[in-house]
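Work through the following exercises with the sequence and the 3D structure at hand. Each task is followed by a solution in steps.

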Amino acid sequence: MTPDFLLEMYRRILRIRYFDEAAVELVRQGELPGVAHTTIGQEAEVVGACMAVRVDDYMVGNHRSHGHPIGKGADMKRLMAELLGKVTGVNRGKGGSMHLADFSVGSVGETSIVGSGVPVAAGAALAARMLGTDRVCLCFFGDGATNEGAFHEGLNLAAIWKLPVIYLCENNQYAVTTPAAEVVAVRNIADRARAYDIPGVVVDGQDPVAVYEVVSEAVQRARQGLGPSLIEAKTYRYLEHAEGLPIAAQYRTAEEVAAWKARDPVVTFRQRLIQEGVATPEALDQVVAAVRAEVAEAVAYARSSPYPDPEEAFTGVYSTPVGGVR
Amino acid sequence: MAVMTYLEAIRAGLRQEMQRDPRIVIWGEDVGVRGGVFRVTEGLQQEFGEDRVIDSPLAEGAIVGVAIGAAINGLRPIPEIQFGDFIFPAMNQIVEEAARMRYRSNNDFHVPLVIRAPIGGGIHGALYHSQSVEAFFAHVPGLKVVVPGTPYDAKGLLAAAIADEDPVLFFEHKAAYRSLRGEVPEERYLIPIGKADVKREGQDLSIITYSLMVSYALRAAEALAQEGISVEVLDLRTVRPLDRQAILETAKKTGKVLIVHEDNKTGGIGAEVSAILAEEVLFYLDAPIRRLCGPDVPAMPYSPPLEHAFMITPEKIAQAARELARF
């Protein structure tokens, strides 16, 4: 891995962190309609996985998907505009925080129906293969999704048809407030791969290089026609399930939160880059300043963008307009 | 022109479209080697290969979900759901993913997908092989719902559904598969989705219907003609979008409307047609709108007399029309 590549990893981790910190602030100020499911704490696994695939590879996300397009290199201005419901957003304000589908970086869509994207990802991979390309599909979902029927149907189908999919479970330990340890029958979610006779790998989700390496191996298998893999990145979200959605219950201990924050990838990856001589603290500070400026620019762009015309609510239903929409 | 059954027309349509477009792929339960439980896809795997006609796992959610992902990314999938009754495990994928994709992405993605499934009863299929499921999907913006009632329409609507850039549910009546015959051109033709068709001109009253009930309504109209009652039969052909203009025109012409469908009455297509009539042409009507529908029981009962009690027949249609004509 070249120093430039590692620096790009660092840059994308920071982009996600600062983008989401800005999103939280916008929720708190009442500028972001609705709530925001942040990726803060999970940046390393997102970036490690996204950088192991090409920009033209497909990607399927879920409701917690600010990080996925950023990890794959999307323009933050149009993502932030989408969060604010502006016409300049990636979906012209129709999608919002939970459906940041940026076609330009291979998104196939992000759905808030948990587990629903698993078979869709298999379909994208099937199309890639049948059309004679070597594209793969990277499918993100959480620990909660692996209890859905769609997860099991999708994995079985991807396995028997040897589809080029990388199923990446972002195990942040909780489905809203319910601990995975209490509701998932296996010790590791990756163990579920055994039921479908595909590789199942557990990786430290706070280490972007480790995630990059295991996903790269899965990508290689997929491109060679050897079928899907299930990768479980153990990670943690620092904030609540969604900013703007107060959860009164105390479902995590302060010690647990502190232990995970002590392994914050924003801090540990920076230390590693310095220790390994990849970059000087000054050079990394420059990256920090540049990313802060990018995020500030994205917020300014989103704020200054207009809302869509209300008439747009009645468009985009069918390929050619059908009467009776209103 | 060749005379074909409804089933043969659909199979001929599938074959013709697959010959034209290599992006078309079919998968579903038992569609390959066996050619489907009703044998609609018989011979297609032999002709087009195992890569284009695929036996899938018994998992409707995945069958449709994979088709959605493939359709977004350049294929033209035609998944088959073995029976309409089995479509509910795929409901999430159809409603949440297929129907919403274009809107959610503001036209960046779309889902050119045709989901074929047999619907309807009268074949002793009992509770879980007889349901009419069209109204569930007709409620959902973003979907199109096609319900052909003749072999000719089935082939032409199938070609249009495959050419359509949006997700289409193509519901075939299983009792029509081998019982309905008609002339079907060999060459390709498209019947526009969303256009109803006057299957018989008449003056005294209009029967608005679709699917298998079209042929039953025509038989009823023929019987009533002997009694001097002139019945117009409007075949909706598509229940989403509905052809409002055709509905209004026939109602204005005859002034009396009988809506017939096998699906149960409450919240059915007839309710929507009635509402359109009430909103638009109330003062053209010479009698209250009448609906003849399947009863509001949870599903088709098994025992023959019970099934008969559930099913709409040409005789029941004739009786309802006779009463309406007398009003």
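A disulfide is a pair of cysteine sulfur atoms within 2.5 Å. The model is predicted: local features need pLDDT of at least 70, side-chain atom pairs count only at pLDDT 80 or more, and totals for chains, interfaces and linings use all residues. Residues are numbered from 1 along each chain as its sequence is written, chains are lettered from A in the order in which they are written, and side-chain values use heavy atoms, without hydrogens and water.

**Exercise 1.** Find how many disulfides the structure holds over all chains.

Solution. 
- Over all chains, the number of disulfides is zero.
- Take A:Cys137 as a case: the nearest cysteine sulfur belongs to A:Cys139 and is 6.1 Å away, and A:Cys137 is in no disulfide.
- Next, apply the rule for burial: buried means under 20% relative accessible area, exposed over 50%, partly exposed in between (1.4 Å probe, protein chains only).
- A:Cys137 has a relative accessible area of 0%, so A:Cys137 is buried.
- B:Cys293 counts as buried because its relative accessibility is 12%.

**Exercise 2.** Describe the contact (heavy atoms within 4.5 Å) of chain A and chain B.

Solution. 
- Count the residues: chain A gives 39 and chain B gives 43.
- Take the buried area (the accessible area, 1.4 Å probe, that two parts lose on being put together, summed over both): about 3200 Å² for chain A and chain B, with 65% of it on carbon and sulfur atoms.
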